[in-house]
Amino acid sequence: MSAPQVPPVTVAASGNRAGTVTVRATDQGMPVEIKFERGEYRYGAQALADEILRLTRRSALVAKSRRREQLAEAGMPDEVLDKLGLPTRQAAVDELDRLDDADTGPTSWTRNA
C-alpha cells in the first residue's frame, strides 16, 4: 500500500458579509475564481479591488490551514510545517478574526447620504 496522496493545490473560498463578493484562492494566494454582484460597482473600482484583495488573503489563509492539516495527516512533522509558514487551525482562526475586525465594507443595502 502506498502513502496517502496530498492534492497539489488547496483552495478555499471567502465572501463578504453581504454575500455580494466571493473569492476562491489557493494556499499560495492565487485567486482562481472571483464572483461579485453588479451592485458592487456603485462603490467604485478601488473599493471593489480592495475587497477582492481582502477576500483573497482570507481565502489563502484558510487554504494554508487546510494544507497544513493535509500534510500533517500525510505524516509531515510540525517543525517542517512551521518552517513552511502554514498556520495551525487556531492561528488561522485568530488571523481571520483580525481580518474580519478590519472589514470596513458595507454591511447593509441602505446607502449613507
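**Before you start**

You are looking at a predicted model, in which local features need pLDDT of at least 70 and side-chain atom pairs count only at pLDDT 80 or more, while totals for chains, interfaces and linings use all residues. Residues are numbered from 1 along each chain as its sequence is written, and side-chain values use heavy atoms, with hydrogens and water left out.

**Stop 1: the whole chain**

Of the 113 residues in the protein, 30% are buried; buried means under 20% relative accessible area, exposed means over 50%, and partly exposed lies in between, with a 1.4 Å probe and protein chains only. Now consider contacts, meaning heavy atoms within 4.5 Å. Among those between residues at least 6 apart in sequence, 54% join residues at least 24 apart.

**Stop 2**

Select 11–15, which is β1, then 21–26 for β2 and 31–36 for β3. Together they make an open sheet in the order β1-β2-β3, with antiparallel pairing. Two strands count as paired if DSSP finds at least two bridges between them. As a reminder, strands of a sheet pair through backbone hydrogen bonds, either parallel or antiparallel.

Which strands stand at the edges? They are β1 and β3; each has a single partner strand, so one side of each is left without a neighbour in the sheet. Neighbouring strands are turned by 10° against each other on average, direction ignored. The axes behind such angles are lines fitted to C-alpha atoms, for helices over the stretch in contact, and angles run from 0 to 180 degrees between N-to-C directions.

Go through the pairings one by one:

- β1 and β2 pair over five bridges, and A12 stands opposite A25 in β2.
- The β1–β2 hairpin has five residues between its strands, and G19 in the turn has a positive phi of about 75°.
- β2 and β3 also pair over five bridges; V23 has I34 as its bridge partner in β3, and R24 has E33.
- The β2–β3 hairpin has four residues between its strands, and G29 in the turn has a positive phi of about 85°.

**Stop 3: the nonpolar cores**

Show side chains for A12, L61, V62, A63, A92, L96 and L99. These seven residues make up the largest nonpolar core, a core being a set of buried Ala, Val, Leu, Ile, Met, Phe, Trp, Tyr and Cys residues joined through side-chain atoms within 4.5 Å. Helices α1 and α3 (89–101) each supply at least two of its residues. Apart from it lies another core, of five residues, including V21, V23, L48 and I52. In soluble globular proteins, nonpolar side chains tend to be buried together.

Centre on V62, in helix α1. V62 counts as buried because its relative accessibility is 17%. Leaving out residues up to four places away in sequence, V62 touches A12 and L96. For a distance check, V62 and L86 are 24 residues apart in sequence and 9.9 Å apart in space, C-alpha to C-alpha.

**Stop 4: R58**

Is R58 buried or exposed? At 17% relative accessibility, it counts as buried. Setting aside residues up to four places away in sequence, R58 touches S14, L96, L99 and D100. The side chains of R58 and S14 are joined by a polar contact of 3.5 Å. Such a contact is a pair of N or O atoms within 3.5 Å; within protein, one must be able to donate a hydrogen and the other to accept it, and residues adjacent in sequence count only if both atoms are side-chain atoms.

**Stop 5: an aromatic pair**

Finish with F36 and Y41. The structure holds one aromatic pair: the ring centres of F36 and Y41 are 5.5 Å apart and the planes stand at 90°, so the pair is edge-to-face. Rings of Phe, Tyr and Trp (its six-membered ring) pair if their centres lie within 6.5 Å; planes under 30 degrees apart count as stacked, over 60 as edge-to-face and the rest as tilted. F36 is partly exposed, at 32% relative accessibility, and Y41 is exposed, at 51%.
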